[in-house]
Amino acid sequence: MHTLGFEAIGTQWSLSTASPLDPGTRAAVADVVESYDRTYSRFRSDSTVARMAEAAGSFILPASAVPLLRLFDSLWQITGGAVNPLVGRSLEVLGYDAGYSFLPSGPPAPAASWTDTVSWSTDGRGTVLTTAAEVTFDIGAAGKGQLVDLVSEVLETAGHREYVVDAGSDLRHAGAAPLRVALEHPYDTKRAIGVLTLSDRALCASAVNRRQWGDGLHHVLDARTGSPVDTVAATWVLAADAMTADGLATALFFAEPQELSGTFSFDYVRMFTDGRADYSPAMAGVLFP
């Protein structure tokens, strides 16, 4: 396999393909990543999301917004508001702000109501998102997974049928040769709690040991309270696409799997902070005894 590595949206990426990427495909990948970051990043001042934080208004979003917003609409509803892209303000209050201060400025603050504050529609101009107040949009619950899907589409369009797109904890695989993936222990990154085989699907993980900056402070917040979760330690989800897998990996911190399975098709492993784990039937045998 040929591998291209680069850093984007705050994580290390690796694209492995059966044949090397030509210059045009490399440029297309870079364009997709840059465009996505310029739209959705809350860490850069020239993004569309940065303008949302300055004042209420209507904002035209790219075609990628439709599946992303539909997913957030579903997750908001199923989790009773725990998953909410307006959680960005709550993260800022706890110190995970655009300047990476990692200094809390106040007690945990609930996010604004998704359905009361934001509406969106599609028409001939594209997708228009309208906000009733200035908001700090954070699509971290599913955005990295969607970007993995968009990069995969670039590879598919260029004729690649065997590849692995690896964006840290989010993976998408295609091809005849399956990939063995270790599930990192959330409390000891040198250990794995199990190993699974990834084949023509996406695998996304979320864990409280990632993006920690203080005692009990990490990036997985319950948007209803603005506080970091403390019951679930890590989740892994297999789904047909990475955006869905990523979103469900976050949702499993707040919702029971059966609540999500009525809407989504997926397999999962979930590890709790007391060391227990549960998993879907297809994942039996994945975990070490």
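**Figure 1. S265, an exposed loop residue.** S265 is exposed, at a relative accessible area of 65%. Exposed means over 50% relative accessible area, buried means under 20%, and partly exposed lies in between (1.4 Å probe, protein chains only). S265 sits in the loop between helix 8 (257-261) and strand 14 (267-272). Helices (H or I, at least four residues) and strands (E, at least two) are DSSP runs, numbered from the N terminus. The model is predicted: local features need pLDDT of at least 70, side-chain atom pairs count only at pLDDT 80 or more, and totals for chains, interfaces and linings use all residues. Residues are numbered from 1 along each chain as its sequence is written, and side-chain values use heavy atoms, with hydrogens and water left out.

**Figure 2. Y100 and F102 in a loop.** Y100 lies in the loop between helix 4 (88-93) and helix 5 (114-117). F102 is also placed in the loop between helix 4 and helix 5. Y100 is not a glycine, yet has a positive phi of about 50°. F102 is not a glycine either, and its positive phi is about 55°. Y100 has 41% relative accessibility, so it counts as partly exposed. F102 has 31% and counts as partly exposed. From C-alpha to C-alpha, Y100 and S265 are 36 Å apart in space. In sequence, 165 residues separate Y100 and S265.

**Figure 3. Helix 1 against helix 6.** Helix 1 covers residues 23-40 and helix 6 covers residues 143-157. Their axes come within 9 Å and cross at roughly 155°. Helix 1 is therefore roughly antiparallel to helix 6. Axes are lines fitted to C-alpha atoms, for helices over the stretch in contact, and angles run from 0 to 180 degrees between N-to-C directions. Angles over 145 degrees count as roughly antiparallel, under 35 as roughly parallel, 65 to 115 as roughly perpendicular and the rest as oblique. Helix 1 and helix 6 cross in a right-handed way. Right-handed means that the near helix is turned clockwise from the far one by less than a right angle; anticlockwise is left-handed. Helix 1 brings T25, A28, V29, V32, V33 and Y36 to the contact. Helix 6 brings G143, Q146, L147, L150, V151, V154 and L155. Contact means heavy atoms within 4.5 Å. By class, this contact of helix 1 with helix 6 has 10 nonpolar, 3 polar and no charged residues. Ala, Val, Leu, Ile, Met, Phe, Trp, Tyr, Cys and Pro count as nonpolar, Asp, Glu, Lys and Arg as charged, and the others, Gly among them, as polar.

**Figure 4. Helix 6 against helix 7.** The axes of helix 6 and helix 7 (residues 242-251) come within 7 Å and cross at roughly 165°. That makes helix 6 roughly antiparallel to helix 7. The crossing of helix 6 and helix 7 is right-handed. From helix 6, the contact takes in G143, K144, G145, Q146, V148 and D149. From helix 7, it takes in A242, M243 and D246. The contact of helix 6 with helix 7 has 3 nonpolar, 3 polar and 3 charged residues.

**Figure 5. The setting of the close-ups.** The protein chain has 8 helices and 15 strands. Of its 289 residues, 52% count as buried. The C-alpha atoms fill a box of roughly 50 × 50 × 35 Å, taken along the principal axes. Among contacts between residues at least 6 apart in sequence, 62% join residues at least 24 apart.
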